[in-house]
Amino acid sequence: MEEMSYEKQKLLICYMLSNADLFIKANPILKSSFFDPRLKSAIEFMQTFYGLYKGVPTTAQLFAETDIKIEVNSTSLTNQELRYAEDTLEKFLQFKTIEQAIFQSVDLLHNDVRDGIVKLIRDAASIGFQKNLGTAYFKDPASRLNDLTLQDKAISTGMKSVDRHIGGGCNRQELTIITAPSGVGKSITMSNIAANFCLQGLYGIYFTLELSEKVVAKRFDSMFTGIAQYEILNNINKVTTELSKLNVDENQLDIKRLPESTTTTADLRAYIQTYEAAHGRLPDFIVVDYLDLMASGTKVSVENVFMKDKFVSEELRALCHEINCIGITASQLNRGAQQIESLEDLNQGHIAGGLSKIMTADNVIAVIQNATMKARGELTFKMLKVRSGTGTDAFFIMKFCNKSLRVTDIEDLPIEHMNKPAIRHVDTKPKSSEFGFTV
């Protein structure tokens, strides 16, 4: 967009004086610095006047206060004039906002704050008029409710016990966090959910910040074929044959390794843009393995883990909302979790880094296991937070197959026992030493 002339900028002020609604739309992103110096005082007075009187001044008031004379048509703007005025003013303000962001990014460039530059430019590019006033609650309630029936329903995790407690499954634009001690099953649980999504026809990306792409892929080999990890390389033909039997698209799941400690949501977004260009669609779900290894795009002290985790989780959830996908990630349980004497004692405060992640996430699921459970091939899930269901604080047993790496429901366990601890051969109040988590 070329630099707008003085006369055209003056015309935009004329339009805003003629139509208060146009000024109200522009005001949140309107800055006097965007205009010719000869017109800055006009914008400043209009904004001051609106703040005091909730309207736009007359041309006489504007002239008396600023000595700037604007000719306003006595009749209201036609529909064509109003559309032209709105489009031209919005594009002008967008251009000026991006231009200003570019100038500001020079200082960030000198300080090598790459993520800050990306965020600054992205935020500037998203600036525009707010045209949607939201939902008019009392207007046409039947249509409003019928629209709900057409929206995407919760998507099953493939684990009925989990679905039952989180409101039927995972929803788009939401973030679920799997939390566990190191080595207990965060990645395995996330991989199981991803595999189940794929078998339902969803397309997704598995971002790994810890393991290599080949190691993650090999885990999926066992999950989809039932062949044990140590047998995979000796049965390549069998693995290939079994995978070919699945009713899936060859591009249903992409696995991408990104560096730990430096990867931000901006990096995920950049990859997803490449993914969209290659596949012609956005992913239905993303898995980030895992949250604690990410960095924030917002500058924060590395010692302030609480704020770092707050920003990272908020940025990740915002990304899921932006691309309308399901978000699955993981976080460690802290050392205090290893000292609990009963499942009832495990709570939100045991997540590493503090409650900042809990507050942002829609679902937080703890995966725990003691030596007895491990010997039986079982995991216990506890729902630390459920936003869209009633399952918070519920806990139940899941079956884990060490060969296929599959986490599944225990079908023979009565439903009425699902909210109780591992009652089969295990005391409901095990001693601390007995309940100690395996690594």
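User: Is Phe49 buried or exposed?
Analyst: This is a predicted model. In it Phe49 counts as buried, because its relative accessibility is 13% and the cut-off for buried is under 20%.

User: Which rings does Phe49 cluster with?
Analyst: Ring pairs link Phe49 with Phe45 and Tyr53.

User: Why is the pair of Phe45 and Phe49 tilted?
Analyst: Their planes stand at 55 degrees, so the pair is tilted, with the ring centres 5.8 Å apart. Both sit in helix α3, four residues apart, or about one helical turn. Phe45 is buried too, at 16% relative accessible area.

User: How many aromatic pairs are there in total?
Analyst: The count comes to ten. One of them is Phe23 with Tyr50, edge-to-face, 5.6 Å centre to centre and 65 degrees between the planes. That pair links helix α2, which holds Phe23, to helix α3, which holds Tyr50. The two residues are 27 apart.

User: Switching to the largest nonpolar core. Which helix gives the most to it?
Analyst: Helix α9, residues 186-199, with seven residues. The core has 72 residues, and Phe197 is among those touching the most other members.

User: What does Phe197 touch?
Analyst: Its contacts beyond four places in sequence include Ile155, Cys170, Leu202, Phe285 and Ile328. Apart from this core lies another, of 30 residues, including Tyr15 and Leu39.

User: Last one. At what angle do α10 and α11 pack?
Analyst: About 65 degrees, with the axes 10 Å apart. The crossing is left-handed. Asp221, Phe224 and Thr225 in α10 meet Val239, Glu242 and Leu243 in α11. Those contact residues divide into three nonpolar, one polar and two charged.

Key: Residues numbered from 1 in each chain as written. Predicted model: local features only at pLDDT ≥ 70, side-chain atom pairs only at ≥ 80, totals over all residues. Heavy atoms only, no water. Core = buried A, V, L, I, M, F, W, Y, C linked by side-chain atoms within 4.5 Å. Buried < 20%, exposed > 50% of the residue type's maximum accessible area, 1.4 Å probe, protein only. Contact = heavy atoms within 4.5 Å. Axes fitted to C-alpha atoms, helices over the stretch in contact; angles between N-to-C directions. Left-handed = near helix turned anticlockwise from the far one by under 90°. Nonpolar A, V, L, I, M, F, W, Y, C, P; charged D, E, K, R; others polar. Phe/Tyr/Trp six-rings, centres within 6.5 Å; stacked < 30°, edge-to-face > 60°.
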